[in-house]
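The topics follow the structure below.

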Amino acid sequence: MKIFNCLSPLFFNEIMKKITITITQKDVDNYNKRYFDLHPKAKKKRIDGPYHPTLNWYMTANNLAVNNKKQDWKDFILYILASNNLLDMGIKKCKVEYRTFLKARRKRDVDNITPKFIFDGLVEGNFIVADDIEHVVSLTTCGGYDAENP
C-alpha cells in the first residue's frame, strides 16, 4: 500500500487541504486488467505492484527500460487520478508526503524510495501544475512495513 498526501493551500494563509491518494494491489490488478482488455495481444503487465521503482533500479537500468517504465507509471497514475476524480485539480503549491509500505522487513534505505515517475503522471493529469520547487515546496519520503497491504 502506498499513501501519497498532497497538502495544497486553499488561500494565501496557512490553511491547507489534505488530499490522500492510496495505491493498493487491487488498483494495480484493475489497471492491468483494463490494459489487457484494451490490448489483448499484450503479454506483460505494465505495473508489477503498488510500489514505485527504486532509485537503484533507475540508476542502473538502460535508457529504453527507464523510458518504458516512466511511461507505464505515468499512464498508471493518470488511471489512479481518473478513478478518484482528481484530474485537472491544478494545484499550484503543495507539500507532498510520500509513504511506501513494503511487505518484507528487509532493511531499506529511505533515500532509495522516490516518487520520480509518479510526479510525471500527476503533472500530466494536471493534479499539480508542475513538479518543480516553486510548486512542490517540500517532499517527504518515508517507508514502513505492512505484510497485509504492501
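In this predicted model, the contact between two helices is made by Asp27, Val28, Asn30, Tyr31 and Arg34 on the α1 side and by Asp72, Asp75, Phe76, Tyr79 and Ile80 on the α3 side. Sorted by class, the contact of α1 with α3 has 5 nonpolar, 1 polar and 4 charged residues.

**Geometry of the helix pair**

- A packed pair of helices is described by two quantities, the angle between the axes and the distance between them.
- For α1 and α3, the axes come within 11 Å and cross at roughly 105°.
- Because angles of 65 to 115 degrees count as roughly perpendicular, α1 is described as roughly perpendicular to α3.

**Helix α1**

- Helix α1 spans residues 25-38, which gives it 14 residues.
- From the first C-alpha to the last, α1 reaches 20 Å, close to the 20 Å expected at 1.5 Å a residue.
- Val28, Tyr31, Asn32 and Tyr35 are the buried residues of α1.

**The chain as a whole**

- The protein chain contains 4 helices and 4 strands.
- Read from the N terminus, the order of these elements is β-β-α-α-α-β-α-β.
- The protein chain has 150 residues, and buried residues make up 39% of them.
- Of the contacts in the protein chain with a separation of 6 or more, 70% are between residues 24 or more positions apart.

**Glu97 in strand β3**

- Strand β3 covers residues 94-102, and Glu97 lies in this strand.
- Glu97 has a relative accessible area of 24%; because buried means under 20% and exposed over 50%, Glu97 is classed as partly exposed.
- Glu97 and Thr141 are 44 residues apart in sequence, while their C-alpha atoms are 6.0 Å apart in space.

Notes
Residues are numbered from 1 along each chain as its sequence is written. This is a predicted model: local features need pLDDT of at least 70, side-chain atom pairs count only at pLDDT 80 or more; totals for chains, interfaces and linings use all residues. Side-chain values use heavy atoms; hydrogens and water are left out. The expected span of a helix is 1.5 Å times one less than its number of residues. Buried means under 20% relative accessible area, exposed over 50%, partly exposed in between (1.4 Å probe, protein chains only). Axes are lines fitted to C-alpha atoms, for helices over the stretch in contact, and angles run from 0 to 180 degrees between N-to-C directions. Angles under 35 degrees count as roughly parallel, over 145 as roughly antiparallel, 65 to 115 as roughly perpendicular and the rest as oblique. Contact means heavy atoms within 4.5 Å. Ala, Val, Leu, Ile, Met, Phe, Trp, Tyr, Cys and Pro count as nonpolar, Asp, Glu, Lys and Arg as charged, and the others, Gly among them, as polar.
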